[in-house]
Amino acid sequence: MKQTFIYIFMFLSIISQTSCEDQLNALPTQSKVEGNVIVDQASAEIALNGVYYRFASGGESQDEPAILWAIYHELTSPILTGYFTYAFGGSPLEETFYPTDNNILNTWSNAYSLINAANGVIEQMEALSSTLFTGNRKAEIIAEAKLMRAYGHYNLLRYFCRFDDTESEYGALIRDEFVTTNNIAKSRSDVKSTYTFILEDLEEAIKNAPLENKNIYGNQWIAKAMKARVLILRGEGTDYTDVVTITTDIIDNGPYELEEHVEDIFNTKGLTSKEVMLGIQPLANQTARYGTYWQEYNSMAMYTAMPSFMSLIENDPRKDWMLIAQKRYNDPTLTDYGIVKGISGNKKEESIAIRLTEMYLLKAEAIVLSGGKLEDAKNLLKTVSGHAGITDFSVIDAITNRDELRLEIYKETVKNLIFEDGIEWTAMTRLPLEEILKIKPAIKEYNYTILPIPATEFEKNPTIGSQNPGYSKI
(Lines give C-alpha, C1' and ligand atoms only; values in the text may rest on other atoms or scores of the structure.)
Protein backbone atom coordinates (compact mmCIF):
# COMPACT_ATOMS: atom_id res chain seq x y z
CA MET A 1 0.00 0.00 0.00
CA LYS A 2 2.89 2.33 0.80
CA GLN A 3 4.39 1.68 -2.61
CA THR A 4 1.04 2.36 -4.26
CA PHE A 5 0.82 5.80 -2.70
CA ILE A 6 4.40 6.58 -3.71
CA TYR A 7 3.31 5.89 -7.28
CA ILE A 8 0.24 8.05 -6.76
CA PHE A 9 2.29 10.99 -5.61
CA MET A 10 4.69 10.53 -8.53
CA PHE A 11 1.78 10.55 -10.96
CA LEU A 12 0.12 13.55 -9.38
CA SER A 13 3.34 15.50 -9.48
CA ILE A 14 3.47 14.90 -13.22
CA ILE A 15 -0.10 15.52 -14.36
CA SER A 16 -1.83 17.70 -11.81
CA GLN A 17 0.24 20.08 -9.75
CA THR A 18 -2.13 22.57 -8.18
CA SER A 19 -1.89 26.35 -8.25
CA CYS A 20 -3.17 27.80 -4.97
CA GLU A 21 -4.58 30.78 -6.85
CA ASP A 22 -6.54 28.66 -9.28
CA GLN A 23 -9.73 27.34 -7.71
CA LEU A 24 -11.11 26.09 -11.03
CA ASN A 25 -9.66 22.61 -11.07
CA ALA A 26 -6.01 22.20 -10.31
CA LEU A 27 -4.36 23.11 -13.59
CA PRO A 28 -0.97 21.66 -14.54
CA THR A 29 2.08 23.86 -14.50
CA GLN A 30 3.35 22.78 -17.90
CA SER A 31 1.61 21.81 -21.12
CA LYS A 32 3.81 18.77 -21.80
CA VAL A 33 1.94 16.79 -19.15
CA GLU A 34 -0.65 16.01 -21.82
CA GLY A 35 1.98 13.88 -23.53
CA ASN A 36 2.58 10.18 -23.20
CA VAL A 37 2.20 9.76 -19.45
CA ILE A 38 0.04 6.66 -19.91
CA VAL A 39 1.78 4.26 -22.29
CA ASP A 40 0.77 0.81 -21.07
CA GLN A 41 -1.31 -1.01 -18.46
CA ALA A 42 1.15 -0.41 -15.62
CA SER A 43 1.21 3.36 -16.11
CA ALA A 44 -2.57 3.35 -16.61
CA GLU A 45 -3.09 1.67 -13.23
CA ILE A 46 -0.88 4.29 -11.57
CA ALA A 47 -2.85 7.04 -13.29
CA LEU A 48 -6.15 5.55 -12.16
CA ASN A 49 -4.85 5.38 -8.60
CA GLY A 50 -4.19 9.10 -8.94
CA VAL A 51 -7.86 9.62 -9.75
CA TYR A 52 -8.91 7.66 -6.67
CA TYR A 53 -6.46 9.72 -4.63
CA ARG A 54 -8.31 12.81 -5.82
CA PHE A 55 -11.64 11.16 -5.00
CA ALA A 56 -10.38 10.56 -1.45
CA SER A 57 -9.34 14.24 -1.26
CA GLY A 58 -5.67 13.54 -0.87
CA GLY A 59 -3.63 16.46 0.40
CA GLU A 60 -1.65 17.54 3.44
CA SER A 61 -2.35 17.91 7.14
CA GLN A 62 0.28 19.44 9.42
CA ASP A 63 2.74 19.34 6.52
CA GLU A 64 2.28 15.60 6.11
CA PRO A 65 0.44 13.72 3.31
CA ALA A 66 -3.08 12.84 4.41
CA ILE A 67 -6.54 11.95 3.16
CA LEU A 68 -8.87 14.93 3.73
CA TRP A 69 -12.24 13.34 2.90
CA ALA A 70 -13.67 14.51 6.23
CA ILE A 71 -13.10 18.17 5.40
CA TYR A 72 -14.58 18.01 1.92
CA HIS A 73 -17.37 15.45 2.30
CA GLU A 74 -18.36 14.95 5.94
CA LEU A 75 -18.58 18.38 7.56
CA THR A 76 -20.17 20.90 5.20
CA SER A 77 -23.47 19.06 4.94
CA PRO A 78 -24.28 18.79 8.70
CA ILE A 79 -23.54 22.52 9.06
CA LEU A 80 -25.65 23.42 6.02
CA THR A 81 -28.61 21.49 7.39
CA GLY A 82 -28.32 23.24 10.74
CA TYR A 83 -27.58 20.08 12.70
CA PHE A 84 -24.02 20.96 13.77
CA THR A 85 -21.99 24.11 14.31
CA TYR A 86 -18.36 25.12 14.64
CA ALA A 87 -17.85 25.06 18.40
CA PHE A 88 -15.68 28.18 18.55
CA GLY A 89 -17.85 30.81 16.94
CA GLY A 90 -20.25 29.19 14.52
CA SER A 91 -20.26 29.24 10.73
CA PRO A 92 -21.86 31.55 8.14
CA LEU A 93 -23.34 28.43 6.56
CA GLU A 94 -25.71 28.21 9.51
CA GLU A 95 -27.52 31.36 8.36
CA THR A 96 -27.01 31.92 4.67
CA PHE A 97 -24.43 31.04 2.06
CA TYR A 98 -21.53 33.24 1.03
CA PRO A 99 -19.53 32.81 -2.20
CA THR A 100 -16.30 33.42 -0.28
CA ASP A 101 -16.95 30.72 2.33
CA ASN A 102 -14.11 28.18 2.30
CA ASN A 103 -16.47 25.22 2.70
CA ILE A 104 -18.25 26.17 -0.51
CA LEU A 105 -15.01 26.89 -2.33
CA ASN A 106 -13.55 23.55 -1.21
CA THR A 107 -16.64 21.62 -2.35
CA TRP A 108 -16.48 23.28 -5.77
CA SER A 109 -12.74 22.96 -6.38
CA ASN A 110 -12.53 19.43 -4.99
CA ALA A 111 -15.14 18.24 -7.49
CA TYR A 112 -13.29 19.76 -10.43
CA SER A 113 -9.95 18.44 -9.24
CA LEU A 114 -11.42 14.93 -9.40
CA ILE A 115 -13.10 15.54 -12.75
CA ASN A 116 -9.91 16.88 -14.31
CA ALA A 117 -7.84 13.92 -13.11
CA ALA A 118 -10.47 11.52 -14.50
CA ASN A 119 -10.53 13.34 -17.83
CA GLY A 120 -6.75 13.09 -18.09
CA VAL A 121 -7.00 9.30 -17.76
CA ILE A 122 -9.97 8.94 -20.11
CA GLU A 123 -8.36 10.97 -22.90
CA GLN A 124 -5.06 9.12 -22.79
CA MET A 125 -6.64 5.69 -22.40
CA GLU A 126 -8.92 6.08 -25.39
CA ALA A 127 -5.91 6.67 -27.62
CA LEU A 128 -4.19 3.41 -26.63
CA SER A 129 -4.58 0.03 -28.26
CA SER A 130 -6.47 -2.65 -26.34
CA THR A 131 -3.60 -5.03 -27.11
CA LEU A 132 -1.55 -3.26 -24.42
CA PHE A 133 -3.98 -4.48 -21.76
CA THR A 134 -4.93 -7.86 -20.40
CA GLY A 135 -8.48 -9.01 -20.96
CA ASN A 136 -11.03 -6.20 -20.66
CA ARG A 137 -8.82 -4.01 -18.48
CA LYS A 138 -8.68 -1.06 -20.88
CA ALA A 139 -12.47 -0.77 -20.86
CA GLU A 140 -12.53 -1.25 -17.09
CA ILE A 141 -10.05 1.55 -16.43
CA ILE A 142 -11.99 3.96 -18.66
CA ALA A 143 -15.22 2.93 -16.95
CA GLU A 144 -13.77 3.47 -13.47
CA ALA A 145 -12.49 6.90 -14.50
CA LYS A 146 -15.93 7.78 -15.88
CA LEU A 147 -17.51 6.62 -12.63
CA MET A 148 -15.27 9.04 -10.76
CA ARG A 149 -16.06 11.80 -13.26
CA ALA A 150 -19.76 11.10 -12.71
CA TYR A 151 -19.26 11.35 -8.96
CA GLY A 152 -17.58 14.74 -9.37
CA HIS A 153 -20.37 16.11 -11.53
CA TYR A 154 -22.97 14.60 -9.17
CA ASN A 155 -21.44 16.60 -6.31
CA LEU A 156 -21.75 19.76 -8.37
CA LEU A 157 -25.33 18.86 -9.31
CA ARG A 158 -26.54 18.32 -5.77
CA TYR A 159 -24.84 21.38 -4.27
CA PHE A 160 -24.68 24.03 -7.01
CA CYS A 161 -27.40 23.18 -9.55
CA ARG A 162 -31.18 23.56 -9.66
CA PHE A 163 -31.36 19.76 -9.63
CA ASP A 164 -35.12 19.59 -9.04
CA ASP A 165 -35.99 21.37 -12.31
CA THR A 166 -34.77 19.80 -15.54
CA GLU A 167 -36.01 22.86 -17.45
CA SER A 168 -33.67 25.11 -15.49
CA GLU A 169 -30.63 26.76 -17.05
CA TYR A 170 -28.71 26.43 -13.78
CA GLY A 171 -26.89 23.18 -14.42
CA ALA A 172 -23.25 22.21 -13.96
CA LEU A 173 -20.19 23.49 -15.73
CA ILE A 174 -19.54 20.17 -17.43
CA ARG A 175 -15.90 19.33 -18.01
CA ASP A 176 -15.46 16.53 -20.55
CA GLU A 177 -11.83 17.20 -21.45
CA PHE A 178 -8.59 17.65 -19.54
CA VAL A 179 -8.29 21.34 -18.67
CA THR A 180 -5.13 23.31 -19.37
CA THR A 181 -4.51 27.04 -19.45
CA ASN A 182 -5.76 26.96 -23.05
CA ASN A 183 -9.31 25.69 -22.49
CA ILE A 184 -10.52 27.12 -19.21
CA ALA A 185 -13.28 29.18 -20.81
CA LYS A 186 -16.57 27.31 -20.90
CA SER A 187 -20.23 28.01 -20.13
CA ARG A 188 -22.30 26.05 -17.65
CA SER A 189 -24.85 23.62 -19.07
CA ASP A 190 -28.54 23.39 -18.31
CA VAL A 191 -29.87 20.89 -15.79
CA LYS A 192 -31.21 18.43 -18.35
CA SER A 193 -27.82 18.21 -20.08
CA THR A 194 -26.12 17.76 -16.72
CA TYR A 195 -28.27 14.74 -15.91
CA THR A 196 -27.70 13.30 -19.37
CA PHE A 197 -23.93 13.60 -19.09
CA ILE A 198 -23.74 12.07 -15.62
CA LEU A 199 -26.05 9.17 -16.48
CA GLU A 200 -24.11 8.39 -19.67
CA ASP A 201 -20.92 8.06 -17.63
CA LEU A 202 -22.70 5.85 -15.11
CA GLU A 203 -24.13 3.60 -17.83
CA GLU A 204 -20.62 3.07 -19.15
CA ALA A 205 -19.46 2.16 -15.64
CA ILE A 206 -22.38 -0.21 -15.11
CA LYS A 207 -21.50 -1.93 -18.37
CA ASN A 208 -17.69 -2.05 -18.22
CA ALA A 209 -16.41 -1.45 -14.67
CA PRO A 210 -15.20 -4.52 -12.76
CA LEU A 211 -17.97 -6.57 -11.21
CA GLU A 212 -15.84 -7.00 -8.09
CA ASN A 213 -13.18 -4.72 -6.67
CA LYS A 214 -11.65 -3.81 -3.34
CA ASN A 215 -14.11 -1.52 -1.59
CA ILE A 216 -11.90 1.56 -1.91
CA TYR A 217 -12.34 1.36 -5.69
CA GLY A 218 -15.33 1.49 -8.01
CA ASN A 219 -17.24 -1.39 -9.55
CA GLN A 220 -20.55 -2.03 -11.30
CA TRP A 221 -22.47 -2.05 -8.01
CA ILE A 222 -21.09 1.35 -7.05
CA ALA A 223 -22.12 2.67 -10.45
CA LYS A 224 -25.64 1.36 -9.87
CA ALA A 225 -25.73 2.96 -6.43
CA MET A 226 -24.65 6.27 -7.93
CA LYS A 227 -27.34 5.96 -10.59
CA ALA A 228 -29.94 5.49 -7.84
CA ARG A 229 -28.63 8.64 -6.12
CA VAL A 230 -28.90 10.63 -9.34
CA LEU A 231 -32.33 9.38 -10.37
CA ILE A 232 -33.93 10.12 -7.01
CA LEU A 233 -32.66 13.69 -7.35
CA ARG A 234 -34.21 14.07 -10.80
CA GLY A 235 -37.51 12.40 -9.93
CA GLU A 236 -39.10 12.43 -13.38
CA GLY A 237 -41.02 9.84 -15.36
CA THR A 238 -40.03 6.37 -14.23
CA ASP A 239 -37.10 7.58 -12.11
CA TYR A 240 -38.60 6.50 -8.79
CA THR A 241 -39.59 3.05 -9.99
CA ASP A 242 -36.14 2.74 -11.56
CA VAL A 243 -34.58 3.55 -8.18
CA VAL A 244 -36.66 0.77 -6.62
CA THR A 245 -35.44 -1.66 -9.30
CA ILE A 246 -31.78 -0.65 -8.97
CA THR A 247 -31.67 -0.72 -5.18
CA THR A 248 -33.52 -4.05 -5.09
CA ASP A 249 -30.84 -5.49 -7.38
CA ILE A 250 -28.06 -4.20 -5.12
CA ILE A 251 -29.76 -5.44 -1.94
CA ASP A 252 -30.70 -8.87 -3.32
CA ASN A 253 -27.79 -9.64 -5.64
CA GLY A 254 -24.85 -7.50 -4.55
CA PRO A 255 -21.99 -8.79 -2.39
CA TYR A 256 -22.95 -6.56 0.56
CA GLU A 257 -24.69 -7.27 3.87
CA LEU A 258 -26.17 -5.03 6.52
CA GLU A 259 -24.04 -4.99 9.66
CA GLU A 260 -25.92 -6.60 12.55
CA HIS A 261 -25.06 -3.64 14.76
CA VAL A 262 -24.35 -0.48 12.78
CA GLU A 263 -22.17 0.84 15.62
CA ASP A 264 -19.63 -1.89 14.83
CA ILE A 265 -18.88 -0.35 11.44
CA PHE A 266 -17.59 2.84 13.01
CA ASN A 267 -15.96 1.59 16.19
CA THR A 268 -14.38 -1.75 15.29
CA LYS A 269 -14.80 -2.93 11.69
CA GLY A 270 -14.45 0.09 9.44
CA LEU A 271 -13.72 -0.86 5.84
CA THR A 272 -13.69 -4.56 6.74
CA SER A 273 -17.47 -4.46 7.22
CA LYS A 274 -19.43 -6.19 4.46
CA GLU A 275 -21.89 -3.30 4.55
CA VAL A 276 -19.34 -0.81 3.21
CA MET A 277 -19.73 -0.50 -0.54
CA LEU A 278 -17.21 2.29 -1.10
CA GLY A 279 -14.82 3.53 1.55
CA ILE A 280 -11.89 5.89 1.94
CA GLN A 281 -8.62 4.37 3.13
CA PRO A 282 -6.31 6.72 5.07
CA LEU A 283 -2.59 7.05 4.62
CA ALA A 284 -0.42 5.32 7.18
CA ASN A 285 -0.14 7.06 10.56
CA GLN A 286 -2.26 10.06 9.59
CA THR A 287 -4.37 11.84 12.21
CA ALA A 288 -6.08 14.25 9.82
CA ARG A 289 -9.64 13.01 10.28
CA TYR A 290 -9.46 12.96 14.07
CA GLY A 291 -7.88 16.41 13.99
CA THR A 292 -10.73 17.68 11.84
CA TYR A 293 -13.26 16.80 14.52
CA TRP A 294 -11.23 17.27 17.71
CA GLN A 295 -8.52 19.59 18.98
CA GLU A 296 -5.83 17.16 19.97
CA TYR A 297 -4.06 19.44 22.44
CA ASN A 298 -7.11 19.98 24.69
CA SER A 299 -9.52 17.21 23.60
CA MET A 300 -12.24 19.70 22.67
CA ALA A 301 -14.74 18.93 19.94
CA MET A 302 -14.41 21.21 16.92
CA TYR A 303 -18.07 20.73 15.98
CA THR A 304 -21.03 20.35 18.31
CA ALA A 305 -24.67 19.38 17.88
CA MET A 306 -27.35 22.01 17.43
CA PRO A 307 -30.76 21.69 19.16
CA SER A 308 -32.31 20.41 15.92
CA PHE A 309 -30.07 17.35 15.91
CA MET A 310 -30.33 16.82 19.66
CA SER A 311 -34.11 16.67 19.40
CA LEU A 312 -33.82 14.20 16.53
CA ILE A 313 -31.45 11.85 18.38
CA GLU A 314 -32.62 12.41 21.97
CA ASN A 315 -34.45 9.12 22.53
CA ASP A 316 -32.38 7.11 20.09
CA PRO A 317 -29.85 4.48 21.28
CA ARG A 318 -27.32 5.87 18.80
CA LYS A 319 -26.90 8.99 20.89
CA ASP A 320 -24.71 7.03 23.33
CA TRP A 321 -22.05 6.21 20.74
CA MET A 322 -22.48 9.06 18.24
CA LEU A 323 -22.20 11.98 20.68
CA ILE A 324 -20.24 12.84 23.80
CA ALA A 325 -20.91 15.58 26.32
CA GLN A 326 -18.37 18.29 27.08
CA LYS A 327 -18.34 21.67 28.81
CA ARG A 328 -18.74 24.64 26.50
CA TYR A 329 -15.35 26.27 25.92
CA ASN A 330 -16.47 29.80 26.89
CA ASP A 331 -19.08 28.84 29.50
CA PRO A 332 -18.38 25.70 31.56
CA THR A 333 -21.86 25.88 33.08
CA LEU A 334 -23.27 24.78 29.72
CA THR A 335 -22.95 21.39 28.04
CA ASP A 336 -22.35 20.74 24.35
CA TYR A 337 -22.23 17.45 22.46
CA GLY A 338 -19.36 16.66 20.14
CA ILE A 339 -19.42 14.04 17.40
CA VAL A 340 -17.67 10.75 18.11
CA LYS A 341 -19.28 8.62 15.41
CA GLY A 342 -16.30 6.78 13.95
CA ILE A 343 -13.86 8.98 15.87
CA SER A 344 -13.52 7.08 19.13
CA GLY A 345 -12.74 3.59 17.82
CA ASN A 346 -9.68 2.11 16.14
CA LYS A 347 -11.02 3.00 12.68
CA LYS A 348 -11.15 6.75 13.27
CA GLU A 349 -9.18 7.65 10.15
CA GLU A 350 -11.34 5.56 7.80
CA SER A 351 -14.32 7.13 6.04
CA ILE A 352 -17.35 5.78 4.20
CA ALA A 353 -18.74 7.11 0.93
CA ILE A 354 -21.50 4.55 0.26
CA ARG A 355 -22.90 1.72 2.35
CA LEU A 356 -25.80 -0.66 1.96
CA THR A 357 -28.08 1.09 4.47
CA GLU A 358 -28.38 4.00 2.05
CA MET A 359 -29.76 1.67 -0.61
CA TYR A 360 -32.49 0.48 1.78
CA LEU A 361 -33.45 4.07 2.56
CA LEU A 362 -33.38 5.17 -1.07
CA LYS A 363 -35.61 2.24 -1.94
CA ALA A 364 -38.04 3.11 0.85
CA GLU A 365 -38.20 6.75 -0.25
CA ALA A 366 -38.65 5.78 -3.89
CA ILE A 367 -41.51 3.40 -2.99
CA VAL A 368 -43.30 6.23 -1.20
CA LEU A 369 -42.71 8.71 -4.03
CA SER A 370 -43.72 6.27 -6.76
CA GLY A 371 -47.05 5.44 -5.11
CA GLY A 372 -45.94 2.00 -3.94
CA LYS A 373 -47.16 0.15 -0.91
CA LEU A 374 -46.46 1.99 2.33
CA GLU A 375 -46.04 -1.33 4.14
CA ASP A 376 -43.09 -2.21 1.89
CA ALA A 377 -41.40 1.11 2.65
CA LYS A 378 -42.11 0.68 6.37
CA ASN A 379 -40.48 -2.75 6.41
CA LEU A 380 -37.31 -1.35 4.84
CA LEU A 381 -37.27 1.49 7.33
CA LYS A 382 -37.76 -0.86 10.26
CA THR A 383 -34.98 -3.12 8.98
CA VAL A 384 -32.30 -0.41 9.00
CA SER A 385 -33.64 1.11 12.23
CA GLY A 386 -33.48 -2.31 13.85
CA HIS A 387 -29.84 -2.71 12.91
CA ALA A 388 -29.26 0.67 14.56
CA GLY A 389 -30.69 -0.59 17.84
CA ILE A 390 -34.31 0.56 17.56
CA THR A 391 -36.78 -1.95 19.04
CA ASP A 392 -40.00 0.08 19.27
CA PHE A 393 -41.55 0.56 15.82
CA SER A 394 -44.92 1.86 17.00
CA VAL A 395 -44.35 5.29 15.45
CA ILE A 396 -43.60 3.77 12.06
CA ASP A 397 -46.45 1.28 12.28
CA ALA A 398 -48.97 4.04 13.07
CA ILE A 399 -48.17 6.10 9.98
CA THR A 400 -50.88 6.09 7.32
CA ASN A 401 -49.93 9.26 5.45
CA ARG A 402 -47.46 9.07 2.56
CA ASP A 403 -45.88 12.46 3.30
CA GLU A 404 -45.48 11.57 6.96
CA LEU A 405 -43.71 8.33 6.10
CA ARG A 406 -41.40 10.15 3.71
CA LEU A 407 -40.44 12.51 6.53
CA GLU A 408 -39.79 9.56 8.85
CA ILE A 409 -37.49 8.05 6.22
CA TYR A 410 -35.68 11.37 6.02
CA LYS A 411 -35.15 11.42 9.79
CA GLU A 412 -33.68 7.93 9.74
CA THR A 413 -31.46 8.92 6.82
CA VAL A 414 -30.00 11.76 8.88
CA LYS A 415 -29.51 9.69 12.04
CA ASN A 416 -27.98 6.78 10.15
CA LEU A 417 -25.85 8.46 7.49
CA ILE A 418 -24.80 11.80 8.99
CA PHE A 419 -21.07 12.59 8.66
CA GLU A 420 -20.55 10.20 5.73
CA ASP A 421 -20.98 11.79 2.29
CA GLY A 422 -23.26 14.81 2.53
CA ILE A 423 -26.34 12.61 2.48
CA GLU A 424 -28.24 14.68 5.06
CA TRP A 425 -28.14 17.88 2.95
CA THR A 426 -29.05 16.06 -0.24
CA ALA A 427 -31.94 14.26 1.47
CA MET A 428 -33.24 17.48 3.02
CA THR A 429 -33.20 19.45 -0.23
CA ARG A 430 -35.30 16.72 -1.88
CA LEU A 431 -38.13 17.49 0.53
CA PRO A 432 -40.91 20.00 -0.22
CA LEU A 433 -39.87 23.57 0.61
CA GLU A 434 -42.28 23.84 3.54
CA GLU A 435 -40.59 20.85 5.19
CA ILE A 436 -37.11 22.21 4.47
CA LEU A 437 -37.98 25.47 6.19
CA LYS A 438 -39.17 23.58 9.27
CA ILE A 439 -35.82 21.82 9.50
CA LYS A 440 -33.75 24.93 8.81
CA PRO A 441 -35.73 28.19 8.88
CA ALA A 442 -32.57 30.19 8.12
CA ILE A 443 -32.74 29.03 4.51
CA LYS A 444 -35.71 31.44 4.17
CA GLU A 445 -36.47 30.83 0.51
CA TYR A 446 -36.22 28.39 -2.40
CA ASN A 447 -33.09 29.99 -3.92
CA TYR A 448 -31.01 29.05 -0.89
CA THR A 449 -31.59 25.33 -1.21
CA ILE A 450 -28.57 25.37 -3.52
CA LEU A 451 -25.19 27.03 -3.04
CA PRO A 452 -23.58 29.90 -4.96
CA ILE A 453 -20.85 29.35 -7.50
CA PRO A 454 -17.67 30.66 -5.82
CA ALA A 455 -16.66 34.17 -6.86
CA THR A 456 -13.22 32.98 -7.96
CA GLU A 457 -14.81 30.94 -10.75
CA PHE A 458 -16.15 34.08 -12.41
CA GLU A 459 -12.67 35.59 -12.24
CA LYS A 460 -10.96 32.56 -13.80
CA ASN A 461 -13.75 31.69 -16.24
CA PRO A 462 -15.87 34.77 -17.08
CA THR A 463 -17.72 32.81 -19.77
CA ILE A 464 -19.34 30.45 -17.27
CA GLY A 465 -22.62 32.41 -17.36
CA SER A 466 -25.08 33.34 -14.65
CA GLN A 467 -24.64 33.06 -10.91
CA ASN A 468 -27.30 31.03 -9.12
CA PRO A 469 -30.41 33.11 -8.29
CA GLY A 470 -30.24 35.00 -5.01
CA TYR A 471 -26.45 35.29 -4.99
CA SER A 472 -23.88 37.78 -6.24
CA LYS A 473 -20.89 37.08 -8.47
CA ILE A 474 -18.60 39.03 -6.12
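**View 1. Helices α8 and α9 of the predicted model, packed against each other.** The axes of α8 and helix α9 (residues 239-253) come within 9 Å and cross at roughly 155 degrees, where axes are lines fitted to C-alpha atoms, for helices over the stretch in contact, and angles run from 0 to 180 degrees between N-to-C directions. This angle makes α8 roughly antiparallel to α9, a term used for angles over 145 degrees. The crossing of α8 over α9 is left-handed, that is, the near helix is turned anticlockwise from the far one by less than a right angle. Helices here are DSSP runs (H or I, at least four residues), and strands are runs of E of at least two, numbered from the N terminus.

**View 2. Helices α8 and α14.** Helix α8 (residues 220-234) also packs with helix α14 (residues 356-369), at an angle of about 35 degrees and with the axes 11 Å apart. The contact involves A225, A228, R229 and I232 of α8 together with E358, M359, L362, E365 and A366 of α14. Six of these residues are nonpolar, none is polar and three are charged.

**View 3. F309 in the largest nonpolar core.** This core holds 145 residues, of which F97 and F309 touch the most other members; such a core is a set of buried Ala, Val, Leu, Ile, Met, Phe, Trp, Tyr and Cys residues joined through side-chain atoms within 4.5 Å. Its largest share, 13 residues, comes from helix α6 (residues 137-160). Leaving aside neighbours within four places in sequence, F309 is in contact with Y83, F84, M322, L323, V414 and I418.

**View 4. The lysine K415.** K415 belongs to helix α17 (residues 402-417) and is buried, with a relative accessible area of 12%, where buried means under 20% and exposed over 50% (1.4 Å probe, protein chains only). Beyond its neighbours within four places in sequence, K415 is in contact with L312, I313, D316, R318 and M322.

**View 5. The loop residue Q62.** Q62 lies in the loop between β1 (58-61) and β2 (64-67), has a phi near 55 degrees, a positive value in a residue other than glycine, and is exposed, with a relative accessible area of 64%.

**Notes.** Residues are numbered from 1 along each chain as its sequence is written. In this predicted model, local features need pLDDT of at least 70, side-chain atom pairs count only at pLDDT 80 or more, and totals for chains, interfaces and linings use all residues, while side-chain values use heavy atoms, with hydrogens and water left out.

How values were computed:
Contact = heavy atoms within 4.5 Å. Nonpolar A, V, L, I, M, F, W, Y, C, P; charged D, E, K, R; others polar. Parallel < 35°, antiparallel > 145°, perpendicular 65-115°, else oblique.
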